[in-house]
Amino acid sequence: MAALTYANSGSQLNIPQPLPAVTGVLRISTQHRFRYYQNVCTQSYSTVWWDWPRWEQEIDWMALNGINLPLAFNGQEALWQEVYLSLGLNQTDLDDFFTGPAFLAWNRMGNLFQWGGPLPQSWHTKQLYLQYKILGRMRALGMMPVLPAFSGNVPQAITRLFPQANVTKLNPWSHFNCSYSCAYVLDPRDPLFQRIGGLFMSELVKLFGTDHIYNTDTFNEMTPASPDPAYLSAVSSSVYSAMTSVDPQAIWLMQGWLFVHDVVFWKPAQIKALLHGVPIGRMIVLDLFAETAPAFSSTQSFYGQPFIWCMLHNFGGNSGLFGTVESINMGPFEALQYPNSTLVGLGMAPEGIEQNPVVYELMSELAWRKEPVNLGKWVSLYAARRYGNTTENLATAWKLLFRSVYNCTVPHYKNHNHSPLVHRPSLRMSTDVWYDPRDLYEAWRLLYEVAQPLVSVETFRHDLVDVTRQALQLLTSEFYREIRDAFQSQKLPELLTAGGVLVYDLLPELDQLLSSESHFLLGVWLERAHSLALSEQELQQYDFNARNQITLWGPEGNILDYASKEWGGLMEDYYSQRWSLFVNTLVECLDRGWPFKQETFNKAVFQVEKGFVFNQRKYPSKPHGDTYDIVNRIFLKYYPQALKRLN
């Protein structure tokens, strides 16, 4: 009974001796031409600091799961540097343009420039080396790597060198101002667009070879200059012709996120115009968030262009158990049966990976199924495979998880971790969850009961920590409610009790728990970042990039806590510090008869957040502490409290 499971949640290779005999020929085929993997954001939220051994592991996992259409975006900045220098820009122009490594996804999409940058030359060299190895392995395993193409996003300096070019300065993106956003976009109908796009494609194909599929996104979370269908068709036609000028066989792979993200702008006429600017069949649209907000059904199957039904699942690479298993079990088959369906594949497009392995196992398996699976039966077998053990508690626990935390049915629910635990504290935080906490606590109890003999199995230890972490996340919401209610009804003893338990016991216990398991360590993320640096200056830059992205996300907390992680070290020095300040502030306000002022608190807590980003502390990259002992202590202390609070 063996399972090679998701690359970052451990492996379990308890193989029976001898292997079971297979009689006859077993052939399973798929009705899907493409099995796509990654999101343009995965490059920043998850893979940014990876070395070759980690990439090799991931590509092997892709092969084992039948993926044949992965993104391969590493190293492209080195090519852009060559292109722009050949056009007459200087190195300072590029230093002002490229972001730091942890923010490159948004630089590529025209959302951000310069933040966390500039990129050292050693970065380009290392990423090119990696890209050659990644492409070699992907192609050796029969995959078609998807390479980048030109979208029109250019450095500001283009306007100095080509004053006649039709360049538009965009509005600010997200919560940034024009210091780091308001990108410059070259009109695809301008002859310079074809020149730059062609130069880049020539360099790309020369260095990387090609499988003829290219990804670029023209209007990612940005409103086009005009809603005129003729303009939108001309734009997509020009983007596509910059590809075919170098590779006549080019196929444009485009994220369909824009149609879901901005429904006010993208009405049927606009969507149709953009899609029909490219010959039918020469564009593939990723229906990126199809498990929650499918676009194929409201666009008559993308008006004839082929599409891939994708599960997005995770925003920002957040920790936290989450899934929409009923939706992903049914969705691909509904898409196949849609009238005149142009479905050509299934995909997984998470913004960040290394979380919730079960959801990715299920989704990748569905590409090889002729009909939806029986979820209860499937997850029971998953538990047996994952742990190499058929103990009844395991299957029962997973069935409970599948009917609760892994089965979100709230319409249009976005899986950011909404828990108060990982957000800047205030008196107006939501504590709603989409599932019955009783199911989660019962699954926790069932895993805890069989933990002692199984904790040495890596996959089980990972999941025991993850489920215990989820239970403590739920309890944090309970204590937060008690803190808020005590403050609002001016009951100081109750505030001191609930606040004291949270800050001085629950959160430290959670940090110890996470620190005991190798997959939940801040130190691993930072050490990987540091390992790419060739100088002290680079080390400090990469350290800053790695810390800023998972916390403040920008100079002023512009996209605060979006990429939140529950990791050992981060819990102690970031989340706990914020909660401590919040509780102490509320106590002081009650004590002195002051109102709680969120704005004043935000200024104070920003110093704590910034303090973490710049503290330069070293964090362990190896686990410490006995996971079973810690879980045992937490369970005996908090499980009875959890049940009491449900009544």
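Tryptophan 378 is buried in this predicted model, with a relative accessible area of 5% (buried, under 20% relative accessible area; exposed, over 50%; partly exposed in between; 1.4 Å probe, protein chains only). Phenylalanine 402 is likewise buried, at 5%. The model is a prediction in which local features need pLDDT of at least 70 and side-chain atom pairs count only at pLDDT 80 or more, while totals for chains, interfaces and linings use all residues. Residues are numbered from 1 along each chain as its sequence is written, and side-chain values use heavy atoms, with hydrogens and water left out.

Rings of Phe, Tyr and Trp (its six-membered ring) were paired if their centres lie within 6.5 Å, with planes under 30 degrees apart taken as stacked, over 60 as edge-to-face and the rest as tilted. By this rule the count comes to 57 aromatic pairs. The rings of tryptophan 173 and phenylalanine 176 are stacked because their centres are 6.0 Å apart and their planes at 15 degrees. Tryptophan 173 counts as buried at 8% relative accessibility, and phenylalanine 176 is buried at 4%. The pair of tryptophan 378 and phenylalanine 402 is also stacked, with ring centres 6.0 Å apart and planes at 15 degrees.

A charge was taken to sit over a ring if NZ of Lys or CZ of Arg is within 6 Å of the ring centre and within 35 degrees of the ring normal. Arginine 385 lies over the face of tryptophan 378, 5.9 Å from the ring centre, and arginine 645 over that of phenylalanine 479, at 4.3 Å.
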